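Please look over the sequence and the model shown below. The paragraphs that follow go through it part by part.

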Amino acid sequence: MTDKIPQQTLAAWNDFPDALAERLIALRQLVLEVAGGNPAIGPLEETLKWGEPAFLTSVTGAGTTIRINRHKKRDDQYAFYVHCQTDLVERYRQLYRDRLNFDGNRAVVLDVKDELPVEAIRHCLAMALTYHLRDSGQAARSRAGPVNPRP
């Protein structure tokens, strides 16, 4: 699945080295795939927030905003960011401290030279995109599929 990259997103990454831009495009595609694979997430709104490509679950309100960009203006690192007042990065640390790098309570940091740890990142993105559903149990139900009522 390849989605047309909005002009505003391309413009945000226009001056980045090719290797960094390619990694960000791959991360963007992974965000879209995760969202597309879970109907509870619904369609994503892709926009810019603080000049960075951002993904919002505006229709369903299922998750917190995800932003993706280079990290700390470095050309060798990129990251995906979540709202700093969530507990997501702490939960990511508990699950993936040996596989991922983090910046405070807001970012998962990746290195351009390393292969993207797809399954770990996919799980983290899904947790962010369903963040507001976790207390209601809707996220678990949407992953499990429809529930058959008892006869």
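Lysine 73 is exposed, because its relative accessible area is 72%; exposed means over 50%, buried under 20% and partly exposed in between, with a 1.4 Å probe and protein chains only. Lysine 73 sits in the loop between strand 3 and strand 4, where helices (H or I, at least four residues) and strands (E, at least two) are DSSP runs numbered from the N terminus. The model is predicted: local features need pLDDT of at least 70, side-chain atom pairs count only at pLDDT 80 or more, and totals for chains, interfaces and linings use all residues. Residues are numbered from 1 along each chain as its sequence is written, and side-chain values use heavy atoms, with hydrogens and water left out.

The phi of lysine 73 is near 60°, a positive value in a residue other than glycine. Most residues other than glycine have a negative phi. Lysine 72 is placed in the loop between strand 3 and strand 4, and its phi, near 50°, is positive too. Lysine 72 counts as exposed because its relative accessibility is 56%.

Helix 2 covers residues 18-36. Its 19 residues should span 27 Å at 1.5 Å a residue, and the end C-alpha atoms are 27 Å apart, which agrees; the expected span is 1.5 Å times one less than the number of residues. The buried residues of helix 2 include Leu20, Leu24, Leu27 and Val31, and also Arg28 and Gln29. What do the buried residues of helix 2 pack against? Their partners are strand 1 (45-49), strand 2 (52-56), strand 3 (66-70), strand 4 (77-81), strand 6 (107-111) and helix 4, with contact meaning heavy atoms within 4.5 Å.

Helix 4 (residues 118-129) also pairs with helix 3 (residues 88-96): their axes come within 11 Å and cross at roughly 150°. That angle makes helix 3 roughly antiparallel to helix 4, a term for angles over 145 degrees. On the helix 3 side the contact is formed by Leu88, Arg91, Tyr92, Leu95 and Tyr96, which meet Ala120, His123, Cys124, Met127 and Ala128 in helix 4. The residues of this contact divide into eight nonpolar, one polar and one charged.

Proline 117 lies in the loop between strand 6 and helix 4. Leaving aside residues up to four places away in sequence, proline 117 touches Leu100 and Leu110. The C-alpha atoms of proline 117 and arginine 99 are separated by 7.9 Å, although these residues are 18 residues apart along the chain.

Key: Axes are lines fitted to C-alpha atoms, for helices over the stretch in contact, and angles run from 0 to 180 degrees between N-to-C directions. Angles under 35 degrees count as roughly parallel, over 145 as roughly antiparallel, 65 to 115 as roughly perpendicular and the rest as oblique. Ala, Val, Leu, Ile, Met, Phe, Trp, Tyr, Cys and Pro count as nonpolar, Asp, Glu, Lys and Arg as charged, and the others, Gly among them, as polar.
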